[in-house]
Amino acid sequence: MKTSIITFVLVLFFVTISYTQDKEQPPVGGEPKNFIIPKKQVVSFPNGLRLVMVPYGSIPKVTIHISVKTGNIHEKEKEVWLSDLMSDLMEEGTDSLNSKQIANKMASMGGNLGIASGVHTITLNTSVLYEFGPDAIKLMASVLKNPAWPETEIDRLKNDLKRRLSVALTRSQTQARTSFYSTIYPDHPYGRLFPTTENIDSYSIENVKSFYNANIGAKRTTVYIAGKFDADKVKEAVEKAFGDWKEGPEGFYPEAKPISSPSVQIIDRPNAPQSTIIYGLPVVDPSHPDYTALDVTNSILGGSFASRITSNIREDKGYTYSPYSFVDNNFKSSIWAEMADVTTEFTSASLQEINNEIIKLQNEIPTEEELKGIQNYESGIFVLRNSTPNGIIGQMVFLEVHGLEEDYLTNRVKNINAVTPEKVKEIAKKYIRPEKMTLVIVGDKEKVEKQMKEAKNKVKD
């Protein structure tokens, strides 16, 4: 028996060698295909509410996603996280059901209810067995339209927010982002990431109700349905649940005017073994013709694991473990930034290498091979994001938030692969400009300032 196993292994070994010799290169992948949005039905109701239904897949479940175009973006200066408190209170029940009863009802349908407040939307989301779709819609509508606002729960929920705030503010990346965004968006909710504990303490049920009445209503609401469902029954359920709902305010987002501020701020963390760096500036948003090329350029520069900045300061130099660049999309405004936690003694050197990679990309086109690898990566990630009902809904919400047409999605893969090496160089030179960047460093100020001064003196010499 042992001899036969050895013989089998040897045969397998030599077959593998022979195959490898015959097949030195892996087979060429197929041509990337554009994403096709599944056929959908859109229904508009007299009060302004929209219903979007997308049949998808054969699994007997339906995803229901109610999106309201409001959130942190509509908070005033002393209302930061008020929308978060509002969504937390909505989870506590309706005028006829408490939170436990709601949870039990959702569980009996095979799902659970999630409520979340984001920058641009407040969402109610669930996935249930498809036959319970109309019942889930009715229950979710009641939660959105008839919140109980229990006074007995507000102190507990405010304390939860304060704990979240306290934990977040201990992190150096949180501190860096707070300073960075407030510099770029000084007079807009985008620049107000965190409240003070005094802000949270001041919030009352009346504040929550006032925010709700000013920002929630049918005109700002879209009900997305994806998966397996009976379209007629879903439409009837939405009409019964929301048909008599108040219109509420028109949907709009206050447009920001970001500032390109070539500034440096060092936030002191004495004896910190690492410096947290965030370094970036405002760029174009998804509605701009250059956006797709900017996205590809970001992936080459720092937005993927094989990117240039990552290869440089992580793989080659060992200054950091997890650097990354990103494009943060806001309404009519985006930000490009590089973020990294670097060893304190290499803070200045890391910044120099980041700048070197930016300048190199501005002056030299990437190779076709490098660009193609990034394009395949971007195309593949995009397709994966659209492979589930939640993924498809997420893409449609993205279109609605940014005021985009469907061809943004249907032509996305084609447009990614149409970016040329020359275009990447042009985009880097046009938008990724170190002389206009805001730099925030959280670290040992004395050591960092000394390094920065030494680096500046070397340049002069």
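**Stop one: a pair of crossing helices**

Select helix 10 (residues 291-303) and helix 13 (residues 368-385): they pack at an angle of about 110 degrees, with their axes 10 Å apart. Helices here are DSSP runs of H or I with at least four residues, numbered from the N terminus. Axes are lines fitted to C-alpha atoms over the stretch in contact, and angles run from 0 to 180 degrees between N-to-C directions. Helix 10 and helix 13 are therefore roughly perpendicular to each other (65 to 115 degrees counts as that).

This is a predicted model, where local features need pLDDT of at least 70 and side-chain atom pairs count only at 80 or more, while totals for chains, interfaces and linings use all residues. Residues are numbered from 1 along each chain as its sequence is written, and side-chain values use heavy atoms, leaving out hydrogens and water.

Now show the side chains: D295, V296, S299, I300 and G303 of helix 10 meet E370, L371, I374, Y377 and E378 of helix 13. Contact means heavy atoms within 4.5 Å.

**Stop two: another crossing**

Next, pick helix 2 (residues 82-90) and helix 8 (residues 205-215), which pack at about 95 degrees with axes 10 Å apart. That makes helix 2 roughly perpendicular to helix 8. On helix 2, look for L82, S83, L85, M86 and L89; on helix 8, find I205, N207, V208, F211 and Y212.

**Last stop: D88**

Stay in helix 2 and click D88. Which residues does D88 contact, leaving aside its neighbours within four places in sequence? They are L157, L161 and R164.

How values were computed: Helix = DSSP H or I, 4+ residues; strand = E, 2+ residues; numbered from the N terminus. Parallel < 35°, antiparallel > 145°, perpendicular 65-115°, else oblique.
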